[in-house]
Amino acid sequence: MLRVMQRICWNTRGWKLPSGSTYEGGFPGEKGFGHEEWNFQLSDEYNGYIFPYTYKTPQTKKLNDNNGKFSIGFFSIHPETKESIIIGIHHDAELITEDEYSSIINYFEDKKLFDRRANELLVACNSFENYDAALEEVRDGFRKKWIRVKCKVTNVEQLSIPIIIPKPASHRFTRFSYVDDFPDITQDNLLGSKKTICSCR
């Protein structure tokens with residue numbers, strides 16, 4: 001299985017909605033949020049899938065060699081301690097196909113998911129002038145295909161308590177770290193391990 005580590009911006013609400021706690025460079029620093037702050041909002045599923053934001057996708061050859069599937073370990077960097085914190089893993093993720101976008105967008109429109117996300121943006125940050133601007137931003141995630149990945153809800157694994165891990169080789173937003181294995185984040189290992197646990201979000 002192809003495995004990658006992807007950095008996402010800091011969040012204090014479980015990466016289920018923007019928290020207004022993002023102190024980063026680049027897009028998150030400019031806008032006060034990142035599209036990845038919904039990466040673990042499992043209620044936003046369509047046909048059993050959720051759609052995490054990643055800053056890039058794996059190399060085409062690596063994807064083809066792995067039947068188009070890959071697993072993503074999402075990590076963030078604590079804004080004060082600067083330690084790397086693993087949030088969870090999306091196992092057996094795939095790329096969204098071109099013909100899937102219209103049905104996903106229609107579903108998000110019909111179920112008012114874009115509306116809800118726009119309101120969450122307005123509450124979390126002040127970089128949008130009004131509701132229409134926030135709504136356009138969340139719609140563009142799919143319309144402009146910034147969100148390119150899908151993962152079955154049943155394949156999403158999130159830690160109840162994030163674990164501090166060694167900083168991945170590539171820890172910038174725009175790069176993947178290709179890894180042979182993910183840190184062991186099973187509940188049995190968490191309870192009995194000597195791993196350092198981050199209690200704050």
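The legends below describe close-up views of aromatic and charge-over-ring contacts in a predicted model.

**View 1. The Tyr46–Tyr107 ring pair.** The structure holds 15 aromatic pairs. In the pair of Tyr46 and Tyr107, the ring centres are 4.8 Å apart and the planes meet at 40 degrees, so this pair is classed as tilted. Tyr46 belongs to the loop between helix 1 (26-31) and strand 2 (49-50), while Tyr107 belongs to helix 3 (residues 101-110). The two residues are 61 residues apart, and the pair thus links distant parts of the chain.

**View 2. The Phe51–Phe142 ring pair.** The rings of Phe51 and Phe142 have planes at 85 degrees and centres 5.9 Å apart, so the pair is edge-to-face. Phe51 is buried, its relative accessible area being 8%. Phe142 is buried too, at 1% relative accessibility.

**View 3. The aromatic cluster.** One aromatic cluster is formed by Tyr46, Phe51, Tyr107, Phe108, Phe114 and Phe142. Its members include Tyr46 and Tyr107, the tilted pair, and Phe51 and Phe142, the edge-to-face pair.

**View 4. Lysines over tyrosine rings.** Lys62 places its charged end over the ring of Tyr178, at 4.7 Å from the ring centre. Lys150 lies over the face of Tyr49, 4.8 Å from the centre of that ring.

Definitions and conventions: Residues are numbered from 1 along each chain as its sequence is written. This is a predicted model: local features need pLDDT of at least 70, side-chain atom pairs count only at pLDDT 80 or more; totals for chains, interfaces and linings use all residues. Side-chain values use heavy atoms; hydrogens and water are left out. Rings of Phe, Tyr and Trp (its six-membered ring) pair if their centres lie within 6.5 Å; planes under 30 degrees apart count as stacked, over 60 as edge-to-face and the rest as tilted. Helices (H or I, at least four residues) and strands (E, at least two) are DSSP runs, numbered from the N terminus. Buried means under 20% relative accessible area, exposed over 50%, partly exposed in between (1.4 Å probe, protein chains only). A charge sits over a ring if NZ of Lys or CZ of Arg is within 6 Å of the ring centre and within 35 degrees of the ring normal.
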